[in-house]
Amino acid sequence: MADHKESKMEKLAHKIHSKISSPSSSSDSEDDKRSHARAVALKAKVFRLFGREKPLHQVLGAGKPADILLWRNKKLSGGVLGGVTSLWFLFEMLDYHLITLICHLMILALSVLFLWSNASNFINNSPPTIPEVVIPEKCLLKAASCFTFEINRTLDIVRTIAIGKDLKTFLGAIAGLWFLSILGSCFNFLTMVYIVFILLYTVPVFYEKYEDKVDAFSEKMIIELKKQFAVLEKKVLSSMNKEKKKD
C-alpha cells in the first residue's frame, strides 16, 4: 500500500511539473517564432543590388549557365574560358578570320567522317553513328518572339527619350553611349566581346563572395547618385522654365 501511494504521489508530482513547465515551453517557442520573424524581416530590409530577392545562382537561372558563370564546376568553367580565349587569340593575334575557321573545321570534320565511314567496310568495323539533328519549329518561334520583344522594348525606350518625357532615361542613355564610344575607340568589336565575357566570368563570382560588402557600398553610392541627380534635374528644369518665360 505504501508503495502504491508513493507511485500515485510521483504521478501527481509529474503532472503538476508538466503543467508548470508547459507554459514556459510554449512561451519559449513563441519567442523563437518572434525572433525568427524579426530575422526574416531584417533580412528582407537589407539592400540588394538591382532589387533582387533571390540568391544570385537563382537569378542567373539556376542551371548549367549559372554553374559555369559562378564556377560551381571548375573543370567545365575552365574549359569554356580556355576555349573562348583560344578563339580570341586566333582571331585577334593571328589574324584568323571567322569564315575561314568555320570552313576549315567543316572540311576537317567531313573528311574524317567520310574516310571513317568508307574505311569501316574494309577493316570490318562499325561505321560512325551520326544522329539526325532537327531543330524544332517551336524553339525558333520562341527565340524570334523574345528577340522581337526586346527590339520593340528598345524602340519604345528610344521613342520615350526622343519625345522628351523622361530626363533620367535620357541622361542614362547618353552616358551609356558615351562610355561605349570611348571603349570603341580603344578596342575593336571582338576584343570588346572578349572583355564582356571575362567580366561575366569574374564579376558574378566576386559579387557572390563579397555580397554583403558590395551591397552596402552600392546602397551608399546609389543614395548619393540620387541626390546629385535630383540637384541636376532641378537645375535643368529651372533653366528650361526660364527659357520658356523669356519666349
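User: Is Asp-95 buried or exposed?

Analyst: This is a predicted model, where local features need pLDDT of at least 70, side-chain atom pairs count only at pLDDT 80 or more, and totals for chains, interfaces and linings use all residues. Residues are numbered from 1 along each chain as its sequence is written, and side-chain values use heavy atoms, with hydrogens and water left out. Buried means under 20% relative accessible area, exposed over 50%, and partly exposed in between, with a 1.4 Å probe and protein chains only. Asp-95 has a relative accessible area of 57%, so it is exposed.

User: Where is Asp-95, and what is its phi?

Analyst: Helices are DSSP runs of H or I with at least four residues, strands are runs of E with at least two, and both are numbered from the N terminus. Asp-95 sits in the loop between α4 and α5 (98-122). Its phi is positive, about 55°, although Asp-95 is not a glycine.

User: Which loop holds Trp-71, and what is its phi?

Analyst: Trp-71 lies between α3 (64-69) and α4 (74-93). Phi of Trp-71 is near 60°, a positive value in a residue other than glycine.

User: Why does Trp-71 count as partly exposed?

Analyst: Because its relative accessibility is 26%.

User: How do I read a contact, and what does Phe-229 touch?

Analyst: Contact means heavy atoms within 4.5 Å. Leaving out residues up to four places away in sequence, Phe-229 touches Leu-167, Lys-168 and Leu-171. Phe-229 belongs to helix α9 (residues 211-246). Phe-229 has a relative accessible area of 22%, so it is partly exposed.

User: What does the side chain of Ser-218 reach?

Analyst: A polar contact is a pair of N or O atoms within 3.5 Å; within protein, one must be able to donate a hydrogen and the other to accept it, and residues adjacent in sequence count only if both atoms are side-chain atoms. The Ser-218 side chain reaches the backbone oxygen of Val-214 at 2.7 Å. Ser-218 is also in helix α9. It is buried, because its relative accessible area is 10%.

User: Where does UniProt place the feature "transmembrane region"?

Analyst: UniProt positions follow the numbering used here, feature names are shortened, and annotations may be inferred rather than shown by experiment. The unreviewed UniProt entry gives residues 96-116 and 177-203. In the model, residues 96-116 are 90% helix and 0% strand, with end C-alpha atoms 29 Å apart. Residues 177-203 are 93% helix and 0% strand, and their end C-alpha atoms lie 22 Å apart.
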